[in-house]
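Subject: The structure we talked about

Hi there,

Here is the structure I promised to pass on. Have a look at it first, and then read my notes below.

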Amino acid sequence: MATGGVLMIGSVWRWLTDGANWQGDTGITHRLLEHLQYSGESLLIAALIALPIGALIGHTGKGKWIIAVANAFRAIPSLGLLFVVAMWFVSRLTGDSAYLVPTIIVLVILAIPPLLAGAYSGVSEVDPAARDAAYGMGMSGRQVLTGVEVPCALPLIFSGVRSAALQIIATATIAAAISVGGLGRYLIDGLANSDYAQMAGGAILVTALALVVDGVLAVIQQLSVPGGLHATGESRRKQRTAAAESAHAA
């Protein structure tokens with residue numbers, strides 16, 4: 001059994017390092033760019049929809065039911081939703097768009113809940129003293145939202161963005177089941193051809209892509225969020241931990 005595992009690892013390594021597998025329209029480079037394109041477009045569209053709505057709900061305290069409805073969509077099976085949307089569009093669109101449009105729609109739907117929750121939680125949990133001080137300086141509600149609440153909410157907003165990005169990258173993999181490109185092709189085609197090295201290699205590539213994207217977003221978060229907010233967040237975490245330990249000791 002150990003020998004079989006070594007042989008499998010060797011075959012996967014050979015598949016990943018074979019220059020022929022990195023070239024052409026079915027090569028790793030092309031599939032990786034396709035995956036990034038679908039994921040990036042979906043994340044951008046979802047962010048344009050969810051972040052303003054989430055921030056506005058957190059600012060006004062109205063429309064919290066939207067958050068509950070959005071969170072309910074997390075229970076929908078991704079593959080099932082993908083097939084339902086694809087079946088509806090396949091007779092209405094032609095060419096690649098018949099499969100690409102449903103994929104983007106499903107990815108956007110699945111990315112909205114974490115983005116919406118992150119923006120809402122971040123804005124609603126802003127220190128009331130900071131909000132009151134802004135109003136006391138004569139700032140309008142819009143100015144308070146954009147100049148005080150959103151900057152203070154950046155840590156949680158970025159947390160939602162990172163969660164949504166990982167959700168999209170993972171779901172874009174199964175989109176290959178409806179003839180869309182991307183890294184998921186290696187899993188679907190490998191299964192069809194009983195090429196397990198290709199399947200394992202594709203899974204490794206998806207995992208690596210998710211880790212790299214999350215790392216890049218983490219760096220952007222560190223550069224974009226003011227140091228004071230990082231310190232505040234860390235302080236609050238320490239306070240919660242201390243409180244939990246005190247309660248446990250009692």
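A quick definition to begin with: helices (H or I, at least four residues) and strands (E, at least two) are DSSP runs, numbered from the N terminus. Please keep in mind that this is a predicted model, where local features need pLDDT of at least 70 and side-chain atom pairs count only at pLDDT 80 or more, while totals for chains, interfaces and linings use all residues. Residues are numbered from 1 along each chain as its sequence is written, and side-chain values use heavy atoms, with hydrogens and water left out.

**Overall picture**

The protein has ten helices and zero strands, so its elements run α-α-α-α-α-α-α-α-α-α from the N terminus on. Of its 250 residues, 37% count as buried. Here buried means under 20% relative accessible area, exposed means over 50%, and partly exposed is in between (1.4 Å probe, protein chains only).

**Salt bridges**

How many salt bridges does the structure hold? There are three, a salt bridge being a side-chain nitrogen of Lys or Arg within 4 Å of a carboxyl oxygen of Asp or Glu. As background, side chains of opposite charge can pair when their charged atoms come close.

One of them joins Glu34 to Arg31, with the closest N and O atoms 3.1 Å apart. The two residues are three apart in helix 2, so about one helical turn separates Glu34 from Arg31. An α-helix has 3.6 residues a turn, so residues three or four places apart point the same way. Glu34 and Arg31 are both buried.

Another pairs Asp189 with Arg185, at 2.6 Å from N to O. This pair sits in helix 8, and because Asp189 and Arg185 are four residues apart, about one helical turn lies between them. Asp189 is partly exposed, at 25% relative accessible area, whereas Arg185 is buried, at 14%.

There is also a salt bridge between the side chains of Asp214 and Arg162 (3.0 Å, N to O). Asp214 belongs to helix 9 (residues 196-224) and Arg162 to helix 7, so this pair ties together parts that are 52 residues apart in sequence. Arg162 has 24% relative accessibility and therefore counts as partly exposed.

**Helix 8 and what follows**

Which residues of helix 8 (residues 184-192) are buried? They are Gly184, Arg185, Tyr186 and Gly190. After helix 8 comes Ser194, found in the loop between helix 8 and helix 9. For context, most residues other than glycine have a negative phi. Ser194 is partly exposed, with a relative accessible area of 46%.

**How helices pack**

For the packing values, axes are lines fitted to C-alpha atoms, for helices over the stretch in contact, and angles run from 0 to 180 degrees between N-to-C directions. Angles under 35 degrees count as roughly parallel, over 145 as roughly antiparallel, 65 to 115 as roughly perpendicular and the rest as oblique. A crossing is left-handed if the near helix is turned anticlockwise from the far one by less than a right angle, and right-handed if clockwise.

- The axes of helix 8 and helix 9 come within 8 Å and cross at roughly 165 degrees. That makes helix 8 roughly antiparallel to helix 9, and their crossing is left-handed.
- Helix 4 packs against helix 7 at about 60 degrees, with the axes 10 Å apart. Helix 4 is therefore oblique to helix 7, and the crossing of helix 4 and helix 7 is right-handed.
- Helix 6 (residues 128-136) and helix 7 (residues 141-174) pack at about 135 degrees, with their axes 10 Å apart. This makes helix 6 and helix 7 oblique to each other, and their crossing is right-handed.

**One more residue to look at**

Val84, in helix 4 (residues 78-90), is exposed, with a relative accessible area of 55%. From C-alpha to C-alpha, Val84 and Pro102 are 9.0 Å apart in space and 18 residues apart in sequence.

Happy to go through any of this with you.

Best wishes
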